[in-house]
Amino acid sequence: MAGKRSAALRYAKALFGLAQEAGAVESVRAELDRVTEALTTIPKLADVLVLPMYPAAERRAALQGLAGPLGLSPLLTHFLSFLIDQRRTRDLAAIHDDFVRLAEEAAGRVRGEVVSATPLDPAQLARIRAALARRMGRELDLAIRVDPDLLGGLVARVGGLVFDGSLRTQLAQLRAQLTGER
């Protein structure tokens, strides 16, 4: 898995570098979003582009058929064709995720997620967003999710950090302290 992940990151960095040179990071990101969505919503298309049982020529033809309707730039079309030649289209979802992360980092943004036990009101969300932005020193793009299994509190995952203020974790820590477990 680590090898697959590092390969995806290498390809994402290469695409990001090309997109930066062309001044097209945001448009390439949008194109990658459309390709990923198309592959998710049209399983047969995903099979043809991703599964190696289809000949490369057939996979490139499918890509050319997809390029027009999705408005893909020559840059991304050539990159995807290169992935077909390298038999790396199976890594496209991971490449997409890594590209998005690189684009957000370059723009000074960080992606994160806040999971709470109950829905947060706008004032609570604003305080949480401000505190996390101060802590990270960057603008945040937060996804908000409710998970009643948390019992109470919230968990924030931002960048590579996890801020766990959930009741479940607090109870587990209290139990460990009371029983002498570590």
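Helices and strands are DSSP runs, numbered from the N terminus. The structure described here is a predicted model.

Two packed helices are described by the angle between their axes and the distance between the axes. Helix H2, residues 25-41, and helix H6, residues 92-106, pack at an angle of about 150 degrees. The axes of H2 and H6 lie 10 Å apart. Because angles over 145 degrees count as roughly antiparallel, H2 is roughly antiparallel to H6. The crossing of these two helices, H2 and H6, is left-handed. On the H2 side, the contact is made by Val25, Val28, Arg29, Leu32, Asp33, Val35, Thr36 and Leu39. The H6 side contributes Leu92, His96, Phe99, Val100, Ala103 and Glu104. By class, the contact of H2 with H6 comprises 9 nonpolar, 2 polar and 3 charged residues.

H2 also packs against H5, at an angle of about 50 degrees and with the axes 10 Å apart. This angle makes H2 oblique to H5. The crossing in which H2 passes H5 is right-handed. From H2, the residues in contact are Val28, Glu31, Leu32 and Val35, and from H5 they are Leu75, Leu76 and Leu80. The contact of H2 with H5 has 6 nonpolar residues and 1 charged residue, with no polar residues. Val28, Leu32 and Val35 of H2 are found both in the contact with H6 and in the contact with H5.

A further contact joins H4 and H5, which pack at an angle of about 160 degrees with their axes 10 Å apart. H4 and H5 are therefore roughly antiparallel to each other. Their crossing, that of H4 and H5, is right-handed. In H4, the residues Ala56, Arg59, Arg60, Leu63, Gln64 and Ala67 meet Thr77, Leu80, Ser81, Ile84 and Asp85 in H5. The contact of H4 with H5 divides into 5 nonpolar, 3 polar and 3 charged residues. Leu80 of H5 takes part in the contact with H4 and also in the contact with H2.

Rolling a probe the size of a water molecule over the atoms shows where empty space is left. The structure holds 1 cavity of 30 Å³ or more. In the largest cavity lies about 80 Å³ of space. The lining of the largest cavity is formed by Val35, Leu39, Leu49, Val50, Leu63, Leu66, Leu80, Leu83, Ile84, Thr89 and Leu92. Two or more of the lining residues come from each of H2, helix H3 (43-50), helix H4 (56-70) and helix H5 (74-85). H5 gives the most to this lining, with 3 residues. By class, the lining of the largest cavity has 10 nonpolar residues and 1 polar residue, and no charged residues. Several of these lining residues also belong to the helix contacts. Val35 and Leu39 of H2 and Leu92 of H6, for example, are in the contact of H2 with H6, while Leu63 of H4 and Leu80 and Ile84 of H5 are in the contact of H4 with H5.

The largest pocket has a volume of about 250 Å³. It is lined by 12 residues, and those closest to the centre of the pocket are Arg101, Glu104, Arg111, Gly112 and Gly159. Both H6 and strand S1 (109-116) supply at least two residues of the lining. The largest share of the pocket lining, 5 residues, comes from H6. The lining of the largest pocket has 1 nonpolar, 2 polar and 9 charged residues. Glu104, among the residues closest to the centre of the pocket, is also one of the H6 residues in the contact with H2.

Key:
Residues are numbered from 1 along each chain as its sequence is written. This is a predicted model: local features need pLDDT of at least 70, side-chain atom pairs count only at pLDDT 80 or more; totals for chains, interfaces and linings use all residues. Side-chain values use heavy atoms; hydrogens and water are left out. Axes are lines fitted to C-alpha atoms, for helices over the stretch in contact, and angles run from 0 to 180 degrees between N-to-C directions. Helices (H or I, at least four residues) and strands (E, at least two) are DSSP runs, numbered from the N terminus. Angles under 35 degrees count as roughly parallel, over 145 as roughly antiparallel, 65 to 115 as roughly perpendicular and the rest as oblique. A crossing is left-handed if the near helix is turned anticlockwise from the far one by less than a right angle, and right-handed if clockwise. Contact means heavy atoms within 4.5 Å. Ala, Val, Leu, Ile, Met, Phe, Trp, Tyr, Cys and Pro count as nonpolar, Asp, Glu, Lys and Arg as charged, and the others, Gly among them, as polar. On a 1 Å grid over the protein atoms alone, a cavity is a set of points where a 1.4 Å probe fits but cannot get out, and a pocket is an open set with protein on both sides within 12 Å along at least five of seven lines; lining residues have an atom within 4 Å of a point. Grid points are joined across faces, edges and corners, and a volume is the space filled by probe spheres set on the points.
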